[in-house]
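The sequence and structure come first.

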Amino acid sequence: MDGLLVPGTICDHEFVSSQSTPQYGRFYSPRYPSSYPKNIRCSYLFRARLKERIRLVFEEISLQKGDLSCLNRADLIRVHDGTDSGAPTIAVLCNQGAEVEVLSTGPGLYVEFVANSEWPGQGFKAMFQFQPLDDALHPEPDKIPGAVTGNLKYSVIGPAVSATTSLCDVVYNSDTTKTGVVMSPGYPNPYPPRTQCTYDFQGRGKERVQVVFQDLNLFHSPTDPNDCEGVDSLVAFVHIDGKKDKIDSFCGDIPPRPIMSNGPRLSLEFQGLTSSRHSRGFKATYTFMENFGITTGRQEGQYPCAFVFNSNETRNGTFASPNYPGLYPRSTECYYFFYGQSNERVHLHFHFFDVEGVLPCEAISASDYVEFSNYMIRDRKYPRHCGQLKEFDVYSDRKFFRVTFKSNDRLDATGFNASYVFLDEEENYTLKIPASNGSARHGTASSPLQPLLLLLLLLFTDLVGGRGSH
């Protein structure tokens, strides 16, 4: 036996590398080369040793025929770069094809075979090999760790890379996976020269795409310009009115802040003109999300972006702009609703504020803005806020208070980070101390004593009456 798995109907398999087991073999879909059964889900788990990687070669693939995208397929093969279905998806295979190769980035690989069609195909035949790390880190020219290579006209989704031509076109669809990893070809090894890669993220409905960078290490020289033009770079695009609109460019070796799409689509274009043994490329995680990266408050489903903060649930906490501390998305409007008891008012303290725009923050100046109101409609008592501002405080006059953040389709910035506390009217009154340069009640710079008073009052609120946040 050379590690051969005899075709059959057993549907969950595990292959573990050891000194006493073969380092290579084959695995098949059930009943191969006959048609596989309907309504089955099979798994193939590969566990290499610490200094090994797993190489798979799908020698034959014959599933029920359908569209080339694999996105609306009932029968498919999904490959995860890890030990379970929660690991990043690096390939989705469907239809018919041959000689598609996958090489893991770590010691685990998990393959799912899902068949729900009424007319099953012949299935697949594949080879596996536990490969020493030295071989994996110095592969043949067309075999790159973490990549899929081979006959790419046959429905490959994932880091599909052909190093011989340095082309890669990747589609990540939220129907396939909600989160995963995106990398430059061969990461963490140097990317090939003259690399041109496009990574398209396609969500649906209210979903937004967030990309968080773990590493950015692109070739650059001391004479490179600061605008990333004509050098190795990664460019992010969103889609506005059906057209791609550039939001930022990244180059050099400083990982950028998180980015987020304005809608369900986002694109990254990687241009690696120069290869260097010191340039790793980039690595990032992507997530299709509906909460705009806002992790506090209770999301209100009747609005595209709205969050409720109720004093019955918590008396104090924090809230921030979408995707904070990354750039907020364009063409986005978010509401923050604060509900207190009849005798309560809410006190907001903005620790950081950077919203693109110029006073008076109106449409005529194409400004993004933050707006405050004691009502659901606009409250002209409070001026709109935009630009880069120092710390400031805002107080409500009623038990209800609304904060609105709105960005247009032009420029973007980091946004804001703020804290809130619900106070009884008597407690709230003690904090309304005029600042030396104006009234903090109307959003100007606060007195240096106010943050200390707020902290002491928070402690007092938690200790007295048992009404603190839980």
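## Terms and overall make-up

A residue is called buried when its relative accessible area is under 20%, exposed when that area is over 50%, and partly exposed in between. By this cut-off Asp 215, at 11% relative accessibility, counts as buried. The model is predicted.

The protein has 470 residues, and 54% of them count as buried. Its secondary structure consists of 33 strands and 3 helices. Among contacts with a separation of 6 or more, 76% are between residues 24 or more positions apart. The accessible surface is about 21,300 Å², and carbon and sulfur atoms hold 53% of that area.

## Nonpolar cores

In soluble globular proteins, nonpolar side chains tend to be buried together. Here the largest nonpolar core contains 30 residues. The residues with the most contacts inside this core are Phe 319, Tyr 336, Phe 338, Leu 348, Phe 350 and Phe 372. At least two core residues come from each of the strands E24 (306-310), E26 (333-339), E27, E28 (369-373), E30, E31 (400-406) and E32 (415-424). E27 gives the largest share, 5 residues.

The surroundings of Tyr 336 can be listed in more detail. Beyond its neighbours within four places in sequence, Tyr 336 is in contact with Ile 294, Phe 307, Phe 309, Phe 319, Ala 320, Ser 321, Pro 322, Phe 401, Arg 402, Val 403, Phe 405 and Phe 416.

## Strand E30

In a regular strand the side chains alternate between the two faces of the sheet. Strand E30 (residues 392-395) is covered on both faces. Phe 392 and Val 394 are buried on one side, and Asp 393 and Tyr 395 are buried on the other.

E30 pairs with strand E27 (residues 344-355) in the antiparallel sense, over 4 bridges. Within this pair, Asp 393 of E30 has His 349 opposite.

## Salt bridges

The count of salt bridges comes to 22. One of them joins Arg 280 and Asp 215, with 2.8 Å between the closest N and O atoms. Arg 280 counts as partly exposed because its relative accessibility is 34%, whereas Asp 215 is buried at 11%.

Arg 330 and Asp 245 also meet in a salt bridge, at 3.0 Å from N to O. Arg 330 lies in the loop between strand E25 (316-320) and E26, and Asp 245 lies in strand E19 (residues 243-250), so this bridge ties together parts 85 residues apart in sequence. In this pair Arg 330 is buried, with a relative accessible area of 8%, and Asp 245 is partly exposed at 26% relative accessibility.

## A further pair and a network

Lys 381 and Asp 397 form a salt bridge with closest N and O atoms 1.9 Å apart. Lys 381 is in the loop between E28 and strand E29 (387-389), and Asp 397 is in the loop between E30 and E31, 16 residues apart. Both partners are partly exposed: Lys 381 has a relative accessible area of 30%, and Asp 397 has a relative accessibility of 26%. Elsewhere, salt bridges with shared partners join Glu 362, Glu 371, Arg 378, Arg 384 and Arg 402 into one network.

Methods: Residues numbered from 1 in each chain as written. Predicted model: local features only at pLDDT ≥ 70, side-chain atom pairs only at ≥ 80, totals over all residues. Heavy atoms only, no water. Buried < 20%, exposed > 50% of the residue type's maximum accessible area, 1.4 Å probe, protein only. Pairing = 2+ DSSP bridges. Core = buried A, V, L, I, M, F, W, Y, C linked by side-chain atoms within 4.5 Å. Contact = heavy atoms within 4.5 Å. Areas by Shrake-Rupley, 256 points an atom, 1.4 Å probe, with all protein chains shown as cover. Salt bridge = Lys/Arg side-chain N within 4 Å of Asp/Glu carboxyl O.
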